[in-house]
Amino acid sequence: MDKRYIKNFDWRLFATALGLVGIGLINIYSATWGGQGNIFVKQLLWVAIALTAMVPVVLVDYRVLDRLSYALYGIVVAMLVAVLAFGRISLGARRWIDIAGFSVQPSEYAKLAVILALAKYFQKYWRADGYTAKELALPMVLALTPFALIARQPDLGSAGFLLLITSTIFLILKVKRRLLIALSILGLSMPPLLWMFYMHDYQKQRVLTLLDPQRDPLGKGYHIIQSIIAVGSGGMAGKGFMQGSQSQLKFLPEQHTDFIFSVLAEEWGFIGSGLTLFLIMLLVYFAMQVAVNAKDRFGQLIATGIAVMFFWQAFINLAMVIGLFPVVGVPLPFVSYGGSALLMNMLALGLLLNISMRRFMF
């Protein structure tokens, strides 16, 4: 192995991500203790798989993805089509396919696939003075195709997340003023149109419950109310490991996935929550540093997209568990339980490490 790999390896970025993984494992163990212990073991297995899969992503020059980005994007789109055709139904949604004994959620990998496809497009068609609507037509198609397939599952939260990543990348890269105004008007008009013609009844209930959880405290508002109680009852230092009443008495639904931060806040309080938020901010900051210091535009665009993805994942999850955003099923990166999400985030981390390392090796 080239010694420059070790010399130029970004240990700060890697350690920050591992710190979040460790926090996640501790809280998944607490959340699933006493009946769901196999979930903790599964997450350990996924950590091992994800770290192993990350190794070649770090070692193989990321610039080969310039040739493979659209092919990888096509594979993910094909997987999303396969989900609609013969995917497994769980909790009223068809989001998973079983591959070699593992449940895979292709919508997670769509995030990274769209980032790679956009990076390939924009590094080829670079416009320092801003993009027109015509120039953004293909990138919009690249985002809207998986959006439509994921929304059909139905998973409007993950689908909308793709558009959020794409629109943020557009704003960072700069668009023409007229187009920005038009997109702003379109964005403001989308919520009522989605409400009237696209959203399912259960999705409308999530929005109404967000505005007033007490309108259905034992039904649709139960998730948010219990989560807010858990977060607020943690105090400064928390109730202690495996001592949280909301989590240990199973008042929190999906407490090892969507609401893992509620478990953390109750048991570790403001101190533990603050440490987790600090690590997430460091992760995003280091990712943006990789983007700024990248030696080519392709690496810069990939790192920017990953930083955007990490930021919005964390922001939406945290807003969700404290009642500022509807419950949409966006996991907390590196912390929530979930093999597909963890593997996707580790692959994204591997790309960041790869880009960071090779800025010294060109």
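I began with helix α4, whose 22 residues reach 30 Å from the first C-alpha to the last, close to the 32 Å expected at 1.5 Å a residue. Helices here are DSSP runs of H or I with at least four residues, and strands are runs of E with at least two, numbered from the N terminus; the expected span of a helix is 1.5 Å times one less than its number of residues.

Before going on I noted that this is a predicted model, in which local features need pLDDT of at least 70 and side-chain atom pairs count only at pLDDT 80 or more, while totals for chains, interfaces and linings use all residues. Residues are numbered from 1 along each chain as its sequence is written, and side-chain values use heavy atoms, with hydrogens and water left out.

**Helix α4 and Leu 65**

I looked up which residues of α4 are buried (under 20% relative accessible area, with exposed meaning over 50% and partly exposed in between, for a 1.4 Å probe and protein chains only), and found among them Leu 65, Ser 69, Tyr 73, Val 76, Val 77 and Leu 80. An α-helix has 3.6 residues a turn, so residues three or four places apart point the same way.

I then took Leu 65 by itself: this residue of α4 has a relative accessible area of 13% and is therefore buried. Leaving aside residues up to four places away in sequence, Leu 65 touches Leu 72, Leu 116, Phe 298 and Leu 351, where contact means heavy atoms within 4.5 Å. Its C-alpha atom is separated by 9.4 Å from that of Ala 117, a residue 52 places away along the chain.

**Helix α7**

For α7 (residues 156-173) I compared lengths: its 18 residues should span 26 Å at 1.5 Å a residue, and the end C-alpha atoms are 26 Å apart, which agrees. The buried residues of α7 include Leu 156, Phe 161, Leu 162, Ile 165, Ile 169, Phe 170 and Leu 173. After α7 comes Lys 174, with a positive phi near 95 degrees.

**Salt bridges**

How many salt bridges does the structure hold? I find 9, taking a salt bridge as a side-chain nitrogen of Lys or Arg within 4 Å of a carboxyl oxygen of Asp or Glu.

One of these joins the side chains of Asp 61 and Arg 358 at 3.9 Å, N to O. Asp 61 lies in the loop between α3 (37-59) and α4 (65-86) and Arg 358 in helix α14 (residues 339-358), so the pair ties together parts that are 297 residues apart in sequence. Arg 358 counts as buried, because its relative accessibility is 5%.

Another salt bridge links Asp 155 with Arg 95 at 4.0 Å, N to O. Since Asp 155 lies in the loop between α6 (137-151) and α7, and Arg 95 in strand β2 (residues 93-99), this pair ties together parts that are 60 residues apart in sequence. Is this pair buried or exposed? I noted that both Asp 155 and Arg 95 are buried.

I also looked up Glu 266 and Lys 239, whose closest N and O atoms are 3.1 Å apart in a salt bridge. Glu 266 lies in helix α12 (residues 260-293) and Lys 239 in the loop between α10 (222-233) and α11 (245-248), so parts 27 residues apart in sequence are tied together. Glu 266 counts as buried at 0% relative accessibility, whereas Lys 239 is partly exposed at 35%.
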